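Trainee: Hi! Could you walk me through the pockets in this one?
Mentor: Happy to, let's look at it together.

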Amino acid sequence: MIHTIIEPFRIKTVEPIRMTTRDERRRWLDDAKLNVFKLAAEHVLLDFLTDSGTGAMSGKQWGAIMEGDESYAGSKSFFRLESVLKDLTGYRHIIPTHQGRAAERILFSVTTKKGDLIPNNTHFDTTRANIEYQGAEAVDLVIPEGRQPRAQHPFKGNIDLERVEDLLRREGHRIPFGMMTLTNNSGGGQPVSLANLRAYRELLMRYGKPLILDVCRYAENSMFVKLREPGMQNRTVKSIAQEMFSLADGCLMSAKKDGMVNIGGFLALNDSEWVEAAKTLLILTEGFPTYGGLAGRDLEALAVGMEEGLNEDYLRYRLRTVEYMGEKMKAAGVAIVEPTGGHAVYLDARDFLPQIPQEQYPAWSLCNALYLEAGIRGVEIGSVMFGKRNDDGTESYHAMELVRLAFPRRMYTQSHFDYAAEAICELKARAHDVRGVKMVKQARYLRHFTAEFAYA
Ligand SMILES: *Cc1c(COP(=O)(O)O)cnc(C)c1O
């Protein structure tokens, strides 16, 4: 029996990446105002900024792209995608959008009003921003283990049912529907169990509230269910996914994740009234309902990608890659969110950089140091992304200071990961030299994308 899990693909097209010097990187980082979002991608060696839209497409997807029907209305590429998504999700209406946040904006615009509350395990940053933009409140109710980086639990993305019930009892009139994010991206890529989703569903139903899923990483979540939830081992990942969809009234998806494409998203719903309002808004801002801001070829690539994303050899290799990186970190004494999630390793920056107080954004500082020392780009999931400057000038901080290293799908190989692991361990040995930062410029929404910094 051979235990090594290999990349279940071989390489057909290559894209060179370039080594850079520390001096070059220091200059580029300074020019970027100490914000890695502002770096030119060609100045990055290993780009773990996000797994969103960054993966490699298959030969089959590139082939399907040539089949794209670019008709403005009634494109056959739409019907092909629609049939794949209806088979998978069981929802009656499929509304393509250019990416996840467009689906979010449309959903919240037609369902949510000022003063509303929307519970979720943890809202992703664009989800939260789109809810707040409507004047509503995004409430995170993940289980307590999900907030503790080293608490062991197989499903740290689960929602805290007691707190949900309490919220429904006290504030039910303000809640248009409940949400659940699979996997819980902002909480460490942690999965949700089928049992928790079912119980949440039943709870919401008792209060007459629909459930909408954020299914960006539903395939990874379903694989975790297969591997970790009792009684699931002999089921296919697809049937687990189908059961999860069946427990909700609709979903939104950034197909740039488990859809295995570089651009795309969709909203899938059962409720005809919501669908009508959503399509009206879609036409106003995204495009006609059979393309929703995408080209016909994008719809084709997505139809193929949705099926490839459920391939179990691929999912096993994908989750194992993340776990492998996690094992290397732990062996070197680098604190991470445990157990590892589906798409990323999250470094605990407060543990890595104990000398940097939260006011100096330890996770942001670690991100910059990783780029400076090794050309690796990660992303801060901490107080720059989730904290905020209050109207009275005080600052609110996030519970965790994490650096997320998100892994693009089917793109990097084992030696890339080994290089990254070695670089992080090296940096750990010199962590006391890393400096904190102060924020010198920020925007009101999603400030991490554009904020500017100086060394503290
Ligand atoms: C990426 C993501 C989104 C937003 O999707 P975009 O395609 O980036 O607009 C929403 N929710 C979750 C959980 C995500 O990971």
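Mentor: One term before we start: helices (H or I, at least four residues) and strands (E, at least two) are DSSP runs, numbered from the N terminus. Also keep in mind that this is a predicted model.

Trainee: Got it. How much space lies in the largest pocket?
Mentor: About 1,400 Å³.

Trainee: And which residues lie nearest its centre?
Mentor: Those are Thr13, Ala56, Met57, Arg410 and Met411, out of a lining of 39 residues. By type, that lining divides into 18 nonpolar, 10 polar and 11 charged residues.

Trainee: Switching over, what about the second largest pocket?
Mentor: That pocket holds about 940 Å³ of space. It is lined by 31 residues, and Arg128, Glu132, Phe386, Gly387 and Lys388 are the closest to its centre.

Trainee: Which elements supply its lining?
Mentor: Helix 5 (125–133), helix 15 (383–386) and strand 12 (388–389) each give at least two residues. The largest share, 4 residues, comes from helix 5.

Trainee: How does that lining divide by type?
Mentor: Into 11 nonpolar, 10 polar and 10 charged residues.

Trainee: Last one: where does the second largest pocket lie relative to the domains?
Mentor: Between domain 1 and domain 2, because both of them give residues to its lining.

Notes
Residues numbered from 1 in each chain as written. Predicted model: local features only at pLDDT ≥ 70, side-chain atom pairs only at ≥ 80, totals over all residues. Heavy atoms only, no water. 1 Å grid on protein atoms, 1.4 Å probe; cavity = no way out; pocket = protein on both sides within 12 Å on 5 of 7 lines; lining within 4 Å. Points joined across faces, edges and corners; volume = space filled by probe spheres on them. Nonpolar A, V, L, I, M, F, W, Y, C, P; charged D, E, K, R; others polar. Domains from an automatic or database assignment.
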